Amino acid sequence: MSDEPQPQQPAREKRRRTGWRRILPTWRMTLGALLAGTLLLVGGLLLGYHLVHIPSANALAIKQANVYLYADGSVIARDGEVNRENVDLGRISRDAQHAVLAAEDRDFYTESAVDPQAMVRAAWNTATGKGKQSGSTITQQYVKNYYLQQEQTVTRKVKEFFIAIKLDREQSKDEILEGYLNTSYFGRNAYGIQAAAQAYYGMDAQDLDAARAAYLAALVNAPSQYDVVTHPENRPAAEARWNYVLDGMVEKGWLDPAERAGLTFPAPKESTNSTGLSGQRGYIVRIMKDHLIQNRIVGEEELDAGGYRITTTLQKDKQNAFVDAVNDNLIDRLDQKQRKVDTYVRAGGTAVEPKTGKVRAMYNGIDYVQQYTPNATRRDYQVGSIFKPFVFAAAVENGSTTQDGLPITPNTVYDGTNKRPVEGWPGGLYDPANEDDRSYGDITVREATDKSVNAVYAQMAVDVGAEEVQRTAIDLGLPPTTPELTPSPSIALGVATASTLDMAEAYATLANHGVHRDAVLIEKITKDGKETVRLPEPKDRRAVSREAADTTTAVLRGVVQNGTATAALGAGRPAAGKTGTAEEDKAAWFAGYTPELATVVAVMGQNPDTAAQEKLYGAMGLSRVNGGGAPAEIWAQFTREALEGEPVSSFDLDLQAGAERTAPPTAGTGSLPPTTAPDDGTPTTPGPDEDTDRTPDPDDGSDRGSAQGGTSEGSNGDTTGGGTDGGPTDDGPTDGATDGTTIGDTDGDGTGGNGSTDGENPGTGSRGGLTGFVPHPRGE
């Protein structure tokens, strides 16, 4: 063996990669790339999480409708650009909550705010033509609805991702689900499940059962396509989606399989404009908004933002009864093609509950989208002789006497001679005409009220004091700002232009024995279904004594039994009331009440093109339209239907001393009979009356009406009146402006021409000229 060193073996040379292997990364490169990518991803997520903040809600998401409700909670209308009513989770049925979860995110309560796997799956399905899918959780969808816009961009998706993560850390799952249910779009312009429940089924979200809830949940996926009323051809697809939702509810244990098996597809109601403002709805919304703003209950900006649930005092059955009564007794009798005057006819009315002051019904016009002015609250038509009871009430309240020093009672005798100048008025000559220029001679106040004798009431206003009459009218309920409510003898003839709401409030005070309550229009208001808005507390106040109110009621009962308002007997209940007609028959009124309800009805003439006030001679084919006709007939039908099923109450009257019924003097004789009739309460013409089956009360006898028959103010069973403007032939007195002495009385009801406004704008209504007489501060 040689001792020479052996040569060392050369080190194994590094094998070089050849061929296609050279393009593959080594494991070190792969690992490094993964680490770098992970660092970049984590860094990007951290940076994005840090940089993206939860923004304020977008403008659309916070817009809501204001919901107006009847007293029983049923919907009148929704007012706002966006039909949404936010409700808390407690006001959404469990079935509705579970149905939406089954449709959109069954693992919502256990999963994280985002689901990357679902997002990748949705992207793949969309790319491969399997249908457009969002892959978003309910949290992500809520973020998109509430905080972001709806555009499909990478930037929006990135923001949605990070906001969802942050939101999930700051809000509970219940809060997120509540927000989602209030912002999702369901079709039919319904945003949120409460609006959707109303739009599709006419119910609240808290009342949704599993079947209906599943259909609404199905709509979220494709609102327009799955509306089976609008697109009946898509019903199979909609039912398939509905079944998918129900199966999901069963799978998650939210719905019993046996119940599921018995469910049938709940077809939604026809698509209607239930949130629109047609018919009476628009008028009601406008009146309620004005009331809230003018009384500083809710500001205009707050109302515009929406979210208020406003429960009115209106009762649906009474509201419908009012519409029916106007249609049956007025609208259906018009022939606008044959009679131009019929195109002028408008109607308004208000019903108030005397004991509470709550407004139970209002009629404003045939349709808000056709005639936008609310006729129940407008203050531009003279009220006519329905003002006269305020004069008598003021006389009793103030213990007033005649020029001869005699106390004014229902039996006080006045001179009812036509155009007799009033005595004791320092303002100049004033000699109003009676209807048809008829002279009555000596006549009692009771009979003068039955026949609406202007000469008597103009003198009584002077005897009481025009300022006291004005004050009493305001105390009863007329606003101090009522146009033309100024102290002069003409105040007695109804030259003031009050609304039916104003007059109903005042007449309700008489019905409530002289205790006044402000008219109440709103029962309750909530904001976003949670916060309760504080309403002014209604307060009682004594407006006039019970004696003054009850004696006035007793006299007004005679008007219904034997006077100008016998049509009101059709109510079938004890009633008191007064008719009235405005200058030149531009408006006709009836104001009446039972113990339960005070209602005022007005028929008005207005040019549909110019909005000017128009005469109603010839309307409905009648020579004249007056308070004893259509207004009293509307009142009778409405009152009968509105109070149907309610107990009949009697008037419990406490009368003024000396108010017991006496036999009136014979018209024109100037003397009283030597004896008085007993207060037996027996009317000349029997009518529905609570006293027919009991012994008369000594304090209630006069509420049965005058024993002296009377005549009415015009046609429709009325025995006086008729004719054309300005002539005494068959129309009543001359136009007040013709002789410079009357105050513009043209209708025989004594309404002076006091510059009433035309339409909705200040006008130049004629004024009867008065020689040396300035009855108002404006120098009329």
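## Close-up views of a predicted model

View 1. Thr 373 is buried, with a relative accessible area of 11%. That puts Thr 373 under the 20% cut-off for a buried residue. This is a predicted model, so keep that in mind as you go through the views. Tyr 283 is 90 residues away from Thr 373 along the chain, yet their C-alpha atoms are separated by 7.6 Å.

View 2. Now pick out Ala 455, which has its place in helix α17. Is Ala 455 buried or exposed? Ala 455 is buried, at a relative accessible area of 0%. From Ala 455 to Leu 493 there are 38 residues in sequence, and the C-alpha to C-alpha distance is 9.6 Å.

**View 3. Helices α8 and α9 cross.** Here you see helix α8 (residues 193-201) and helix α9 (residues 210-219), whose axes come within 11 Å and cross at roughly 110 degrees. This makes α8 roughly perpendicular to α9. The crossing of α8 and α9 is right-handed.

**View 4. A cluster of rings, with two arginines.** Which residues do ring pairs link into this cluster? They are Tyr 200, Tyr 201, Tyr 215, Trp 242 and Phe 265. Arg 212 has its charged end over the ring of Tyr 201, 5.5 Å from the ring's centre. Over the ring of Trp 242 sits the charged end of Arg 260, 5.9 Å from the centre.

View 5. A pair of aromatic rings is described by how far apart the centres are and by the angle of the planes. How many aromatic pairs does the structure hold? There are 14 of them. One of these is formed by Phe 108 and Tyr 109, an edge-to-face pair with 5.0 Å centre to centre and 80 degrees between the planes. Phe 108 is buried, with a relative accessible area of 1%, whereas Tyr 109 counts as partly exposed at 39%. Phe 590 and Trp 635 make another edge-to-face pair, with 5.3 Å between centres and 75 degrees between the planes. Phe 590 lies in strand β15 (residues 587-593) and Trp 635 in helix α21 (residues 630-642), so this pair ties together parts that are 45 residues apart in sequence. Both partners are tucked away: Phe 590 is buried at 0% relative accessibility, and Trp 635 is buried with a relative accessible area of 0%.

View 6. Helix α20 (residues 546-562) has 17 residues. From its first C-alpha to its last, α20 reaches 24 Å, close to the 24 Å expected at 1.5 Å a residue. Why is α20 said to be largely enclosed by the rest of the structure? Because 15 of its 17 residues are buried.

Note on methods:
Residues numbered from 1 in each chain as written. Predicted model: local features only at pLDDT ≥ 70, side-chain atom pairs only at ≥ 80, totals over all residues. Heavy atoms only, no water. Phe/Tyr/Trp six-rings, centres within 6.5 Å; stacked < 30°, edge-to-face > 60°. Buried < 20%, exposed > 50% of the residue type's maximum accessible area, 1.4 Å probe, protein only. Helix = DSSP H or I, 4+ residues; strand = E, 2+ residues; numbered from the N terminus. Lys NZ or Arg CZ within 6 Å of the ring centre and 35° of its normal. Expected span 1.5 Å × (residues − 1). Axes fitted to C-alpha atoms, helices over the stretch in contact; angles between N-to-C directions. Parallel < 35°, antiparallel > 145°, perpendicular 65-115°, else oblique. Left-handed = near helix turned anticlockwise from the far one by under 90°.
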